[in-house]
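User: Hi! I'm new to this one, could you walk me through it?
Analyst: Happy to, here it is.

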Amino acid sequence: MKASNALWKEALAGRMPERLAREIDAYETDVALRKQGKIDERVFGETRLRRGAYGQRYDNGQRYDGRAVRKLAYPSGELTKGPHTLWDAPGMQRIKLPFGGVTPEQLEVVAELAEEYSAGVAHVTTRQDFQLHFVHIEDTPSLMRRLAAVGVTTREACGNTVRNVTACPIAGVCRTQAFDVTPYAKALAYFLLGHPDTQEFGRKFKIAFSGCRDEACGLARMHDIGAIAAVREAEGKQKRGFTLLVGGGLGTVPQQAKVFAEFLPEEELLPVAQAICRVFARLGEKKNRNTARLKFLVNKLGIEEFRRLVAEERASLPPDERWTAYLHEIPREDPPGARAELLPAEALGCNGFAAWRASNVYPQRQAGFAAVTVTLPLGDISAAQLRVLADIARRFGRGEVRLTVEQNAVVRWVRESDLAAVYAELKAAGLGEGGAGTITDITACPGTDTCKLGIASSRGLAGELRRRFAGPGGELDEAVRNLHVKISGCFNSCGHHHLADLGFYGVSRNKDAYTVPHFQVVIGGQWRDNGGAYGLAIGAAPSKRIPLVVARFTERFVRERTDGESFQAFAGRIGKAACKEMIEDLLEVPSHSEDPSFYSDWGDPREFTTGDRSTGEGAGIMVSKFDFRMAACERQVFEAQLRYEKGDVEAAARLALEAMLGGAAALLESQGVSPGGPEEIAAEFRSRLYDTQLFWDPYAGGKFGQYFFHAVASSAEPKTAERVRYLIEEAQLFLEACYACRTKLTVPVKA
């Protein structure tokens with residue numbers, strides 16, 4: 001039986017840092033006042049988000065790690081009808097771990113919390129956090145106190161704040177790093193945590209550190225601030241610093257970060273980051289959350305003006321000893337290695353050890369030691385496995401584990417002579433799977449399992465692909481083994497689909513009054529070079545055909561690639577048109593009578609039906625006309641990609657705009673309105689669909705409509721290649737929103 005908040009508060013008195021204890025006491029009071037109706041939900045919503053407490057979805061009856069979530073949420077096993085609030089349905093608690101670092105003691109506490117408050121499973125996120133699902137809001141103060149007692153906070157894990165600061169999981173032991181970025185990531189994370197200058201943001205703010213320029217490392221190019229370790233010669237000495245990038249981000253329309261400083265001296269890292277935060281807090285968008293990330297401010301001002309404003313802000317800051325105090329404690333030389341004989345695999349007698357070592361063991365820069373990646377399929381680890389991981393880190397490592405952005409865990413400082421023993425213990429605990437960093441190591445967000453934004457089952461698809469790749473007969477060509485597959489359940493890039501060789505994000509299509517789960521197919525992303533390039537969608541395929549899509553691409557890549565050619569280079573060489581042609585026949589949806597399996601998603605046998613199936617003939621004709629128009633619009637967006645690929649940015653921009661106008665006109669015509677030119681289409685669309693919130697995503701709000709209005713208003717302006725790329729992405733998202741709006745307008749939802 002769970003102890004009460006009062007009992008845990010008393011038991012842990014004196015074991016928590018005083019500041020954290022006060023913060024949790026205040027939060028607990030807010031929880032009680034909200035339950036009594038004495039705090040507005042909007043105000044409390046930001047309060048709980050800043051403490052890492054989210055709501056989660058319960059409309060799908062999915063299973064999470066073999067446990068029925070309905071049973072967990074409701075002992076009766078049934079959901080009550082009507083809207084569910086935080087008081088009658090559990091939510092998600094995010095646990096913030098700067099640079100993904102976690103000690104054995106902390107792992108054991110997370111294991112206890114997973115068992116007592118959650119589903120017995122912790123989930124590793126793409127920001128090196130832990131998440132616990134199915135946590136009741138009234139239990140969160142006790143949970144937070146127990147974490148605080150071992151030095152962990154959930155503060156600002158969510159909300160309009162500086163989110164978890166991420167870093168390369170092998171920083172400090174990496175063979176190609178400029179230097180260990182860990183202490184810098186830690187210092188900046190705790191310097192900005194709760195800082196007065198970071199409390200007035202319009203949206204979230206993400207920071208990452210990379211020790212190498214050319215590897216994936218911390219994916220610095222997709223962050224609001226990305227810091228890449230750099231060293232320069234100064235007065236005969238090696239000077240540490242960072243190439244500082246600003247204004248990156250994935251989300252619906254990804255943008256590459258821009259270079260703020262080629263070399264920022266290490267002592268300037270914290271004050272310059274503070275100055276950037278102050279400029280963002282002062283000038284960043286506050287009312288329209290769709291344009292409130294730093295990337296929009298950098299684009300609006302231009303990088304030169306942004307640099308000038310930050311320099312002014314930096315000059316005005318009062319000195320703070322924390323800016324440089326930590327620098328004196330940073331080791332300037334590698335820790336010593338140790339000589340140890342690495343036995344050949346056959347001498348160890350461990351079944352599967354050789355393959356596991358090939359993919360999951362990284363020889364450190366320190367001789368005799370290795371970093372071991374523990375593969376966590378779908379990012380899940382049970383409470384029992386957490387305890388095993390803690391024990392291994394104590395006995396074989398140096399008492400620390402790093403979580404990774406690919407949803408795995410890394411134990412560093414394992415003696416090479418101990419690798420066989422570590423593998424045996426991992427294998428006995430169900431943690432001995434290989435394939436880390438390969439095509440079987442698929443990244444997936446929670447999707448429709450628990451996320452309110454999820455459209456399609458990213459976890460279900462990831463599990464299916466993994467089974468096919470890793471199952472019997474799953475031997476893969478070496479070139480295919482190293483591909484990255486990443487899946488998001490919606491257009492937000494929580495699964496990093498834009499950076500994958502093969503990326504997928506969930507959408508839906510309507511056919512004969514059924515909603516069919518689909519995934520947009522994204523190619524052209526680049527994981528290396530800190531997320532060096534973003535892919536573009538080439539078409540939406542039914543969810544059940546995505547394994548065939550993957551097979552088509554991988555088989556042709558194996559047949560036709562040149563020596564050493566990457567998948568990104570291969571896709572660029574054959575061109576977008578050939579890529580689309582390869583899967584054209586897989587984009588069609590058979591009728592429900594032909595194959596009903598297409599009308600359910602992976603891992604959920606129920607049909608994705610919406611509305612009355614006995615739709616009249618008139619509606620059927622109208623839907624067919626709408627679908628016909630929309631197919632033409634999608635062709636225009638794809639044609640825009642082809643023109644963009646050839647460098648014809650003006651033609652690409654024109655086609656993308658025409659596609660958006662066509663989608664808007666198709667919706668208006670379905671409502672009996674036949675507007676004329678672009679301005680009239682935009683005006684009618686605004687008054688009839690946008691202002692009435694018929695064209696309105698419950699979570700994205702009016703973002704996609706704003707893309708359309710901006711495209712029309714700026715149609716005569718000169719176009720840069722960067723802006724046209726964003727326009728193509730915006731056009732595709734606008735068309736997805738047109739499909740969703742049409743379904744809402746024509747298909748009544750069943751009670």
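What follows is a short chat about confidence, sheets, helices and a salt bridge.

User: What kind of model is this?
Analyst: This is a predicted model, in which local features need pLDDT of at least 70, side-chain atom pairs count only at pLDDT 80 or more, and totals for chains, interfaces and linings use all residues. Residues are numbered from 1 along each chain as its sequence is written, and side-chain values use heavy atoms, with hydrogens and water left out.

User: What pLDDT does the chain average?
Analyst: The average is 87, and 90% of the residues score at least 70. pLDDT is the predictor's confidence in each residue, from 0 to 100.

User: And where does pLDDT stay under 50?
Analyst: One such stretch is residues 60–84, where the model has 48 contacts beyond four places in sequence. A contact means heavy atoms within 4.5 Å. Residues 609–623 are also below 50, with 22 contacts in the model beyond near neighbours in sequence.

User: OK, sheets now. What is the order of the strands in the mixed one?
Analyst: The order is β18-β19-β20-β21-β22, five strands in an open sheet. Helices (H or I, at least four residues) and strands (E, at least two) are DSSP runs, numbered from the N terminus. Two strands pair if DSSP finds at least two bridges between them.

User: Which strands stand at the edges there?
Analyst: Those are β18 (443–444) and β22 (536–542); each has a single partner strand, so one side of each is left without a neighbour in the sheet.

User: How many bridges join β19 to β20?
Analyst: Four, between residues 485–488 of β19 and residues 502–511 of β20, and the two strands run parallel. Ser488, for instance, stands opposite Tyr505 in β20.

User: Which helix lies across β18, β19 and β21?
Analyst: That's α16 (residues 458–470), running at about 155 degrees to β19. Helix α19 (residues 546–560) packs on the sheet too, touching β20, β21 and β22, at about 140 degrees to the direction of β20. Axes here are lines fitted to C-alpha atoms, for helices over the stretch in contact, and angles run from 0 to 180 degrees between N-to-C directions.

User: What about the antiparallel sheet, what's its strand order?
Analyst: It goes β5-β16-β17-β14-β13, an open sheet of five strands. The edge strands, β5 (101–102) and β13 (361–363), each pair on one side only. Three bridges join β16 (residues 401–403) to β17 (residues 409–415), and Val401 has Val411 in β17 as its bridge partner. Helix α15 (residues 419–428) packs on this sheet, touching β13, β14 (369–374) and β17.

User: At what angle do α14 and α15 pack?
Analyst: About 170 degrees, with their axes 10 Å apart. That makes α14 roughly antiparallel to α15, a label for angles over 145 degrees, while under 35 is roughly parallel, 65 to 115 roughly perpendicular and the rest oblique.

User: How far apart are the axes of α5 and α14?
Analyst: They are 8 Å apart, for α5 (residues 104–117) and α14 (residues 383–396). Among the residues that meet are Leu107 in α5 and Leu386 in α14.

User: Last topic: how many salt bridges does the structure hold?
Analyst: There are 50, where a salt bridge is a side-chain nitrogen of Lys or Arg within 4 Å of a carboxyl oxygen of Asp or Glu. One of them joins Glu138 and Lys35 at 2.3 Å, N to O. Glu138 is in the loop between β7 (130–135) and α6 (140–148), and Lys35 is in helix α2 (residues 18–35), 103 residues apart.
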